[in-house]
Amino acid sequence: MSEDTLIPVRMLNEFAYCPRLGYLEWVQGEWAENIETLEGTFGHRNLDHPDRKDLGIDKFPAEKAMYRAVLHASGLHAEHDGHWQFQAPGLSGEDTARLKPMWDSVSEILAAKDGAPVGLETIYQMLSSPPYGIKAGLLPILILAMYQSKKQELAITENGQFVPFLSREVLEGL
């Protein structure tokens, strides 16, 4: 690199966020997964390919391990009548991950509001507190799975405006 080499603003942002990541991407030209990028990739797969086995994830990258451990093993994403879909826990057999109480509590909150909006903060607060104690990294995955299974019953609003479908941009806000 010469003295006149300009650094893209994106690289400055990466460096400000994580100097190691900025160095790897700018100087060495390598990509390093972190929990945020992994969750983002996983969320996009969830959104783009809900009807495919393994959410369409080929080979075995990190997001496939997350998929298998969280969504497949729990039965939240399962094959039903030859089609892959998101569903409530326990529909494909035993609720081995014990997610049904959490699922039912969120469903009760949504039903109790009688159609009024319920903020994600309310749901996240409830699920991160006892008796559930779900970690922050898992919350968007579970909420997105619930949305995918109930998207015919739920509506999304952002800043008070109806969002007709869950897009990648809206997903990033979860």
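User: Between which two elements does the loop with Asp95 lie?

Analyst: The model is predicted. Asp95 is in a loop. The elements on either side of that loop are strand S2 (83–86) and helix H5 (100–112).

User: Which side chain of opposite charge is nearest to Asp95, and how far away is it?

Analyst: Asp95 is buried and has no salt bridge. A salt bridge would need a side-chain nitrogen of Lys or Arg within 4 Å of a carboxyl oxygen. The nearest side chain of opposite charge is that of Lys100, at 7.3 Å.

User: Leaving aside neighbours within four places in sequence, which residues is Asp95 in contact with?

Analyst: Contact here means heavy atoms within 4.5 Å. With the neighbours within four places in sequence left out, the residues in contact with Asp95 are Pro89, Gly90, Lys100 and Pro101.

User: In which sense do S1 and S2 pair, and over how many bridges?

Analyst: Strand S1 covers residues 77–80, and His77 stands opposite Phe86 in S2. The two strands pair in the antiparallel sense, and the number of bridges is four.

User: Which residue in the turn of the S1 and S2 hairpin has a positive phi?

Analyst: The hairpin has two residues between its strands.

User: How many helices and strands does the chain have?

Analyst: From the N terminus on, the order of elements is α-α-α-α-β-β-α-α-α-β-β-α. The secondary structure comes to eight helices and four strands.

Notes:
Residues are numbered from 1 along each chain as its sequence is written. This is a predicted model: local features need pLDDT of at least 70, side-chain atom pairs count only at pLDDT 80 or more; totals for chains, interfaces and linings use all residues. Side-chain values use heavy atoms; hydrogens and water are left out. Buried means under 20% relative accessible area, exposed over 50%, partly exposed in between (1.4 Å probe, protein chains only). Lys and Arg count as positive and Asp and Glu as negative; His and the chain ends are not counted. Two strands pair if DSSP finds at least two bridges between them.
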